[in-house]
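Could you walk me through this protein model?

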Amino acid sequence: MKVLSMLGFARRSRKKVPENSLEAIFDQYEQGKPDHQNAIDALPGWNSAFPVALNLNAGKHHLYADDRIDWALRSFGSIAGKTILEVGPLEGMHTYMLHRERPARIDAIEANRLCFLRCLVTRQILDIDTASFLLGDIQAWLTDHSEVYDFAVASGVLYHMADPGEFLRLLASRANAIFIWTHFFLEEAMPAGDVRRNPFSGKVETKVIEGVPVRYYERSYQHANANASFCGGMKDRHFWMHRDDILTLLDKLGFSDITIKDQDFSHSGGPCFSLLARKAHAAV
C-alpha cells in the first residue's frame, strides 16, 4: 500500500515512523487539545513572531510591528477602502499591518509553498479577513491580471528576482503607488574584499527596459535554500540592481514622486533602502 507524503508538514510523533508504513498515515493527526500553536508547529521554518499578547511560539522577527511598513502607511496616507497588492507576504505579518488599516481588499501573492501555508495559518489566527492569499508567480499575475491597484507593497522582494527590472516594469503597469524595501548593489558601499560580495559571481549583465540600461549583478544563495526557513526567490541565479538604476527606471516608469527612507550602506545583508514611489496623478 502506498502511503501519501506529508507535503512538508512536521511529524507529530516523537518516535521514528517509516515513511511507507501504515502507521505513518496516523502520524498526520494532531492528538492534542485544539490550539493555534498546533497549526504553527505543523509547519516548519517560521521566521515571524506573533504578537506577544497571543503567547504563541513561532519565529523571532516581530514583523507584525515593522517600522518599514509603518513608515510606508504614514507616507502614503490612509489606505481605508483602497485596493492593495502585496508581493511576497512571507508569513502574513505585513499583511496583518495592512489589514488593520481597513483596505477594501488585499491580494497577497506568494510563490513559496511553505510560506503560503504559513500565511494561511496567520490569516486564521489573526483574522485577516480583508486578504486573499494566492500561491504562484507574481510576474504571471501582473501579466494576466488587468486591475490597477491603489497601492502595492513589495518588501524584501526585488533583490530576489531573476529579472528585477522586468518585475518593476510589470508592477508599474498595475499600481499607482508602490512601497519597496530592497537590497541593491553599489560599489562604494560594498567595495572589493567586502564579505557581503561573496555570493556574487562577478558577472554583470545589462538589460534595456523602457529605454533605460539596467545593470544586473549575478548572485547565488549558496545553498541557503536547503533550509525550511528559506524565503528567497524562485531561482538560485538571481540579480541585484544598481541603486541608481532602480531610481532611474522607476522615474521612467512614471513614478515621478520618490521618497527614500532608511538608506543603510552597512546592513549585514548588503546596502539597502526603503522607498515610496507615487505616480504624479496619484499624488495626495
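This is a predicted model: local features need pLDDT of at least 70, side-chain atom pairs count only at pLDDT 80 or more; totals for chains, interfaces and linings use all residues.

Residues are numbered from 1 along each chain as its sequence is written, and side-chain values use heavy atoms, leaving out hydrogens and water.

**The fold**

The protein chain has 8 helices and 10 strands; these are DSSP runs numbered from the N terminus, with helices being H or I of at least four residues and strands E of at least two. Of the 284 residues, 49% are buried (under 20% relative accessible area with a 1.4 Å probe, protein chains only; exposed is over 50%, partly exposed in between).

Seven strands form an open sheet with mixed pairing, in the order 3-2-1-4-5-10-9. Two strands pair if DSSP finds at least two bridges between them. Strand 3 (131-135) and strand 9 (257-264) are the edge strands, each pairing on one side only. Strand 1 (residues 83-87) and strand 4 (residues 151-155) run parallel and are joined by 3 bridges. Here Ile-84 stands opposite Phe-151 in strand 4.

**The aromatic rings**

The whole structure holds 11 aromatic pairs. Rings of Phe, Tyr and Trp (its six-membered ring) pair if their centres lie within 6.5 Å; planes under 30 degrees apart count as stacked, over 60 as edge-to-face and the rest as tilted. Two of the pairs look like this:

| Pair | Centre to centre | Angle of planes | Type |
|---|---|---|---|
| Phe-185 and Tyr-217 | 3.9 Å | 5 degrees | stacked |
| Phe-200 and Trp-240 | 5.0 Å | 85 degrees | edge-to-face |

Phe-185, in the loop between strand 5 and strand 6, is 32 residues apart from Tyr-217 in strand 7. Both Phe-185 and Tyr-217 are buried. Phe-200 in strand 6 and Trp-240 in strand 8 are 40 residues apart. Phe-200 is buried at 13% relative accessible area, and Trp-240 is buried at 1%.

**The cysteines**

How many disulfides does a search of the whole structure find? It finds 0, a disulfide being a pair of cysteine sulfur atoms within 2.5 Å. Cys-119 is buried, with 0% relative accessible area, and Cys-115 is buried at 1%.
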